[in-house]
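Biologist: Can you walk me through this model? I'd like to begin with the core, then look at helix packing and charges.
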Amino acid sequence: MINSNLLKAKIIEFGYSQKDIADFLNISLATLNYKINGKREFKMSEIAPLCKILNLNETELNQIFLSCV
């Protein structure tokens, strides 16, 4: 499960909307919401671009996507 609050905070911190992120990942807003809310998993092909656009360091990456480990 992901840390949705931290991911949402990073999106806001960089001035993006969830629609911006969905468009960037070439997925629908509904699909992004499912992923953020843990109903679907993010693919590695989506996580890597998110790391770039949100400037996530390794610690933040782990906190967001590996918070259950």
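Modeller: First, a term: a nonpolar core is a set of buried Ala, Val, Leu, Ile, Met, Phe, Trp, Tyr and Cys residues joined through side-chain atoms within 4.5 Å. Buried means under 20% relative accessible area, exposed over 50%, partly exposed in between (1.4 Å probe, protein chains only). This is a predicted model: local features need pLDDT of at least 70, side-chain atom pairs count only at pLDDT 80 or more, and totals for chains, interfaces and linings use all residues. Residues are numbered from 1 along each chain as its sequence is written, and side-chain values use heavy atoms, with hydrogens and water left out.

Biologist: How many residues are in the largest nonpolar core?
Modeller: It has 18 residues. Leu 7, Ile 21, Leu 32, Phe 42, Leu 50, Leu 54 and Phe 65 have the most contacts inside it.

Biologist: Which element gives the most to this core?
Modeller: α4 does, with four residues. Helices here are DSSP runs (H or I, at least four residues), numbered from the N terminus.

Biologist: And which residues of α4 are buried?
Modeller: Glu 46, Ile 47, Leu 50, Cys 51 and Ile 53, in a helix spanning residues 44-53. Their cover includes α2, α3 and α5 (58-65). Just past α4, Asn 55 has a positive phi of about 50 degrees.

Biologist: What does Leu 7 touch?
Modeller: Ile 2, Ile 36, Phe 42, Leu 54 and Ile 64, leaving aside residues up to four places away in sequence. Contact means heavy atoms within 4.5 Å.

Biologist: Switching topic. At what angle do α2 and α3 pack?
Modeller: About 105 degrees, with the axes 9 Å apart. Axes are lines fitted to C-alpha atoms over the stretch in contact, and angles run from 0 to 180 degrees between N-to-C directions. So α2 is roughly perpendicular to α3 (65 to 115 degrees).

Biologist: Now charges. How many salt bridges are there in the whole structure?
Modeller: Four. A salt bridge needs a side-chain nitrogen of Lys or Arg within 4 Å of a carboxyl oxygen of Asp or Glu.

Biologist: Which residues does Lys 10 link up with in a network?
Modeller: Glu 13 and Glu 60. The closest N and O atoms are 3.5 Å apart for Lys 10 and Glu 13, and 3.0 Å for Lys 10 and Glu 60.

Biologist: Is Glu 13 buried or exposed?
Modeller: Exposed, at 54% relative accessible area. Lys 10 is buried, at 7%, and Glu 60 is buried too.

Technical notes
Helices (H or I, at least four residues) and strands (E, at least two) are DSSP runs, numbered from the N terminus. Angles under 35 degrees count as roughly parallel, over 145 as roughly antiparallel, 65 to 115 as roughly perpendicular and the rest as oblique.
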